[in-house]
Each structure stands twice: as C-alpha cells, then as structure tokens.
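Dear colleague,

Please find the structure below for your files. My notes on its helix packing and its nonpolar core follow.

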Amino acid sequence: MSILVGTGFLGRRPLAEHAETARRLRPSQLRERLASILRTQPAPVRDLAAAIAVLGEQSDAQTLARLAGLDSIGYSGALRALGALGALAAPDEPRFIHRSVRDAAESTLTMVQRERMHDEAAALLYAAGSPAEQVAAQLMAVVTRRQPWAVDVLRAAADTALRRGAPDTAAGYLCRALLDSPAAGVGRGRLLVELGTAERGFDPLACERHIAQAMTLLPEPRDRAVAALRISPTALGPAPSPPSTCCARPPRTSGPPTGSPAPTAISRSVWKPGCATAATRIPTNSPPPRTG
C-alpha cells in the first residue's frame, strides 16, 4: 500500500509502464513492516535473509548457505519460508522481490553483525576466486583491518575500474586500501601514487595533494620523478603566454585610447601618438622644472 501511495504522490498511476518507478521506491513504512515480520521468523530464515541482503543477487546457493551457516536442508527450508512470505522474486530463487525487503533484512542486523557478515562474505568470495570488484564491494563495508589480502584485492579492483572508465570508483577502492596499509613505508607511497593517478581526471587538487604525500614516502629519486609525472598539468598552474604574445608591439592609433579620462580645468593632458597608456600623458599646465 505504501508503494501505491508513493507512486500516487509522484503522479504515476499503478500501470505496468510505471513498474520501474515503483521498484525504485523505498518507503520507510514498508521497510519497518517487513522488518517486524522477519524478526518473528525462525533463526535460519532470518540468517538466510541477511545473507541474501549482504551478498546481493550475484551469489550462488552454496555461498549463501555457508554465509548463513546452514546446511543444504536448512537452506532449502529457509528459502521456502522466504518464498511463502512473498519476499522472493521467485519461489526457488534467492533474490528479493523489492529493494525494501533487502533494507528490512539489513535493518535487523546490528552494526557489528553487519560488518562481520560483509567480512565473511569477502573471504568466501575471495576463496571462490570471484572477480576482484565483487570482493572489493564487500570490503568497502568493512572499516576494520581484518584480511591480509585486502589491499591487493582493492588495488586489483581499482585497476579494473580504471580500465572500464570509472576513476571515481577506483579512487574509492584505493582510499579503502589506505585504511589497511601501514602509516608509513614504500607500500603506502605507491598506494598514494595510484590514488593520485585515479583522481587526476576529476579532482586535480586531491591528485596533487596525494602525490605530494607519496613523495615523502618514496626513497628513490626515480620513483619520486615518476610520481611527479602523474600530476595533471592543470594543477601546476596556467601555461605562460607564448613569446610572440609577450613581445608584440602595441598597435598605433590615431587618437587617444578609448575610455581615457576627459581633460579638466585643473590638469589638461596632451596625448602623444604611439603612447597607449595614461602613464605617457604630459600635463601642459604643470610648472616648469626649477633649475639650480
């Protein structure tokens, strides 16, 4: 009902052509109602709902069951229960019918539980050989240092994001990698260089700042020189005017410059041809210079 109210507020009628608008709505009343229903379910059902919310739609049954701590029989029973509640897009498919169901499942978890599940999901995906960006998406929700391979995975995910033309996403992965890196050392310096490289296309000032920080951590002159070349030229200031522009002679005119002040009774000026500025005006009523 809350989704219908939301679509009506947006001026959309409940028709098939507005189905995508309805899917994007996430009314708080619906989330709270679904969360209260999930809290009354047995633990296996709640755990599987939380696992689906954490892993999303790009997960298989085995990974979901391991994250929820269920065997094959418990997984099948919990999946049937979620389907009977109308929470799934299909009875035997571990995919929520609406984003509000995922929000409700996540709201049943505490912050500690949520972070633990994201960390376990990252470890499961890493062990299964999943793409780096899928593992990195889980690591982005973990703020404490837990996995020794996290930095390597986040750097690989950043490289993939750069190759597909998403430098802002790559910068996010590298910022997260800095949380797991030591406060000093060559490794952190190289991370900062990679971060500056990702930022130079959309944030030149941040690029310059991170490259400057990296140079203090790189002991080799060659590495510092390579890092300096990553700075966007625009961050170094505007290019100087070409010599031909600087040395060009001002054009001659046949009258005083446009916008020159009108002569007054106190001080009248005589304009000399070829002089284009007020500094070349010679007052006619000034007293003659005193001589010895």
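Axes here are lines fitted to C-alpha atoms, for helices over the stretch in contact, and angles run from 0 to 180 degrees between N-to-C directions. Helices (H or I, at least four residues) and strands (E, at least two) are DSSP runs, numbered from the N terminus. This is a predicted model, in which local features need pLDDT of at least 70 and side-chain atom pairs count only at pLDDT 80 or more, while totals for chains, interfaces and linings use all residues. Residues are numbered from 1 along each chain as its sequence is written, and side-chain values use heavy atoms, with hydrogens and water left out.

Helices H4 and H5

The axes of H4 and helix H5 (residues 61-68) come within 9 Å, crossing at roughly 120°. H4 is therefore oblique to H5; angles under 35 degrees count as roughly parallel, over 145 as roughly antiparallel, 65 to 115 as roughly perpendicular and the rest as oblique. The two helices, H4 and H5, cross in a right-handed sense (left-handed if the near helix is turned anticlockwise from the far one by less than a right angle, right-handed if clockwise). On the H4 side, Asp47, Leu48, Ala51, Ile52, Val54 and Leu55 meet Thr63, Leu64, Leu67 and Ala68 of H5, where contact means heavy atoms within 4.5 Å.

The nonpolar core

A nonpolar core is a set of buried Ala, Val, Leu, Ile, Met, Phe, Trp, Tyr and Cys residues joined through side-chain atoms within 4.5 Å. Buried means under 20% relative accessible area, exposed over 50% and partly exposed in between (1.4 Å probe, protein chains only). The largest such core holds 62 residues, and those with the most contacts inside it are Leu48, Leu67, Leu82, Phe96 and Leu139. Helix H4 (residues 43-55) supplies the largest share of this core, nine residues. Apart from its neighbours within four places in sequence, Phe96 touches residues including Ala49, Ile52, Ala53 and Val101.

Helices H11 and H12

Helix H11 (residues 167-180) and helix H12 (residues 186-199) have axes that come within 8 Å and cross at roughly 160°. H11 is therefore roughly antiparallel to H12. H11 passes H12 in a left-handed crossing. Among the contact residues are Leu174 and Leu178 of H11, with Leu191 and Leu195 of H12.

A buried loop residue

Ile231 lies in the loop between helix H14 (221-228) and helix H15 (243-246). Ile231 is buried, its relative accessible area being 15%. Its C-alpha atom is separated by 7.2 Å from that of Ile211, 20 residues apart along the chain.

With kind regards
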